[in-house]
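Reader: I have a model open and want to learn how to read it. Please take me through its features one at a time.

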Amino acid sequence: MKIKSAEFVMSNSDVAKCPKSMLPEYAFIGRSNVGKSSLINMLTSRKSLAKTSGRPGKTQLINHFLINKNWHLVDLPGYGYARVSKSAKKVFQKFITQYFALREQLVTAFVLVDIRHNPQPIDLEFMQWLGENGIPFSIIFTKADKLKPKAINRYVDAYKKVLLETWETMPNYFITSSTKDIGKDDVLNYIDGLNAN
Ligand code: GDP
């Protein structure tokens with residue numbers, strides 16, 4: 001897929017106020033600092049469509065972007081920011097739960113995971129929750145430029161091993177690097193394929 005246009009639509013803390021349009025929607029979510037903003041900017045070939053921020057956990061909003069005038073890319077807040085309070089975590093959980101419960105337009109979620117870490121409970125728990133709630137998702141491994149190919153395989157295998165303990169198949173996954181422009185076409189073509197269905 002070629003990105004012809006990418007426009008910011010709105011930021012929102014209330015799911016009910018998200019765009020009413022029934023265009024297919026793809027949500028990007030992951031731990032704070034995982035490289036989500038950088039990935040969105042790489043996918044859309046825009047330098048600063050999503051704001052990369054030095055302060056993780058700052059943006060607790062649902063951000064809608066209209067791509068090629070025919071689908072929405074949604075930037076969801078990062079989770080697992082160690083310095084937020086328990087009550088802030090609760091608000092976040094409610095907010096995310098509502099987003100996934102109410103957005104009928106959502107085709108699939110992309111859960112971003114930093115390739116350099118062994119499977120982390122917070123990411124696994126989130127994937128488990130998506131699965132239990134029947135929300136389709138793929139995994140996007142980020143920052144692949146930081147590892148050699150062998151190490152990439154080792155970390156992906158570690159994920160496969162853990163996920164296959166509870167899942168029948170490994171979810172669809174992508175290996176990406178925003179600094180090296182890796183994986184961009186894979187993700188965009190996947191979205192294109194889903195949009196065509
Ligand atoms: P977000 O908080 O998930 O939106 O993460 P950002 O996109 O703001 O990135 C967090 C940090 O990781 C920044 O310092 C980025 O420069 C860095 N980063 C993001 N993507 C990559 C990548 O693909 N490769 C490398 N080496 N660094 C990255």
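Reader: In which sense do strand 3 and strand 4 pair, and over how many bridges?

Author: Start with the terms. Strands (E, at least two residues) and helices (H or I, at least four) are DSSP runs, numbered from the N terminus. Two strands pair if DSSP finds at least two bridges between them. Here strand 3 and strand 4 (residues 71-75) pair in the antiparallel sense, over 5 bridges.

Reader: What should I know about the model and the numbering?

Author: The model is predicted: local features need pLDDT of at least 70, side-chain atom pairs count only at pLDDT 80 or more, and totals for chains, interfaces and linings use all residues. Residues are numbered from 1 along each chain as its sequence is written.

Reader: Which strand is joined to strand 3 by 6 bridges?

Author: Strand 1 (residues 6-12), running antiparallel to strand 3. Met-10 has His-64 in strand 3 as its bridge partner.

Reader: How many residues of strand 3 are buried?

Author: Count C-beta atoms, placed from the backbone, within 10 Å of the residue's own: 20 or more others is buried, 12 or fewer is exposed, in between is partly exposed. Strand 3 (residues 62-67) is mostly covered, with 5 of its 6 residues buried.

Reader: Which strands pair with strand 5 in the parallel sense?

Author: Strand 2 (residues 25-30) pairs with strand 5 (residues 106-114) in the parallel sense over 6 bridges. Gly-30 has Leu-112 as its bridge partner. Strand 6 (residues 137-142) also pairs in parallel with strand 5, over 6 bridges. There Asp-114 stands opposite Thr-142. Now follow the chain from strand 5 through helix 3 (residues 121-132) to strand 6: this β-α-β crossover is right-handed. The test: with the strands pointing away from the viewer, the path from the first strand over the helix to the second runs clockwise.

Reader: Which residues have the most contacts inside the largest nonpolar core?

Author: A nonpolar core is a set of buried Ala, Val, Leu, Ile, Met, Phe, Trp, Tyr and Cys residues joined through C-beta atoms within 7 Å. The largest has 37 residues, and Ala-27, Phe-28, Phe-110, Val-111 and Leu-112 have the most contacts inside it. Strand 5 gives the largest share of this core, 5 residues.

Reader: Where is Gly-35, and is it buried or exposed?

Author: Gly-35 lies in the loop between strand 2 and helix 1. Gly-35 is buried, because 23 other C-beta atoms lie within 10 Å. Its C-alpha is 8.7 Å from that of Val-113, 78 residues away along the chain.

Reader: What about Gln-120?

Author: Gln-120 sits in the loop between strand 5 and helix 3. With 14 other C-beta atoms within 10 Å, Gln-120 is partly exposed.

Reader: Which residues of helix 4 are buried?

Author: First the general idea. An α-helix has 3.6 residues a turn, so residues three or four places apart point the same way. In helix 4 (residues 149-163), the buried residues are Tyr-155, Tyr-159 and Leu-163. Down the axis of helix 4 they fall within an arc of 75° (of the directions from the helix axis to the C-beta atoms), so they line one face. The face turned away from this buried side carries the exposed residues Lys-150, Asn-153, Asp-157 and Lys-161.

Technical notes
The expected span of a helix is 1.5 Å times one less than its number of residues.
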